[in-house]
Amino acid sequence: MAVTTWADLNGLEPRSGRLLVATPLLADPHFSRTVVYLLEHDGGGSVGVILNRPSHTPVGQVLPDWQDVVSGPAVVFSGGPVQPDGALCLGQVASDGPGVRGVVDGVGTVDLDGDVTVITGLTNQLRVFAGHSGWAPGQLDDEIAEGAWWVLPGGPADLFSEAPRPMWPRVLRRQPAPLCLVSTYPPDPALN
């Protein structure tokens, strides 16, 4: 009987719009139990944002013009350890236009220096991230092969969830067995 490893439970290739879900092996505190929305994955590397790390900082505290137009919870999310002082905004795009650049599946990046009224006319939902997650060329593929990440289907509903904190078990629960069983994996198995 073959032994199943965390890496064996991965079935999809990484690409824009998919989710990276940290396996229990990933102990790095930046990524432990995170769900990352993948924005880019190509020969130049990979970029994404962590979806389940909302901060306690209201968007209006750092971007006053955007406070009333972002989706709830209206706080800045920690997108990852790369450029944590920079802001990245993603929106569910109703149509193309100035200040909005499409990524995949109706999700696009939003220019936070753009005209708020024009951009909100082109988008249905918005979320602001401080920093992002990034991998050098080949780095993410190596981490996936080592069993640090699962690549799973995702979409705008994940990106704009109003209950982001419990996303790790929620995304795993909707997967077929045996992956759905991991949703109950304890944070510290030694305490189980």
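Start with everything selected: of the 192 residues in this protein chain, 44% count as buried. Keep in mind that you're looking at a predicted model.

Now switch to cartoon view. You'll find 5 helices and 10 strands in the protein chain. A compact globule with 192 residues would have a radius of gyration near 16 Å, and the protein chain's 17 Å agrees with that.

Next, head inside. Nonpolar side chains tend to be buried together in soluble globular proteins. Select Val21, Tyr37, Leu51 and Trp149: in the largest nonpolar core, which has 37 residues, these touch the most other members. Then colour the elements that each supply at least two residues of this core, among them strand 1 (19–22), strand 9 (123–135), helix 3 (139–145) and helix 5 (167–173). Strand 2 gives the most, with 5 residues.

Zoom in on Val21. Leaving out residues up to four places away in sequence, which ones does Val21 touch? Look for Thr34, Val35, Ala148, Trp149, Trp150, Leu152, Trp168, Val171 and Leu172.

Now pick Val59, Trp66, Val110 and Leu122. They're included in a second, separate core, this one of 15 residues.

Zoom back out and show contacts between residues at least 6 apart in sequence: 64% of them join residues at least 24 apart.

Last stop, the surface and the charges. The protein chain exposes about 9,400 Å², with carbon and sulfur atoms supplying 53% of it. Colour by charge and you'll get 10 positive and 20 negative side chains, with the centres of the two sets 10 Å apart.

Technical notes
Residues are numbered from 1 along each chain as its sequence is written. This is a predicted model: local features need pLDDT of at least 70, side-chain atom pairs count only at pLDDT 80 or more; totals for chains, interfaces and linings use all residues. Side-chain values use heavy atoms; hydrogens and water are left out. A nonpolar core is a set of buried Ala, Val, Leu, Ile, Met, Phe, Trp, Tyr and Cys residues joined through side-chain atoms within 4.5 Å. Buried means under 20% relative accessible area, exposed over 50%, partly exposed in between (1.4 Å probe, protein chains only). Helices (H or I, at least four residues) and strands (E, at least two) are DSSP runs, numbered from the N terminus. Contact means heavy atoms within 4.5 Å. The radius of gyration is taken over C-alpha atoms; the globule rule is 2.2 Å times the number of residues to the power 0.38. Accessible areas come from the Shrake-Rupley method with a 1.4 Å probe; for residues, only the protein chains shown count as cover. Lys and Arg count as positive and Asp and Glu as negative; His and the chain ends are not counted. The place of a charge is taken as NZ of Lys, CZ of Arg, CG of Asp or CD of Glu.
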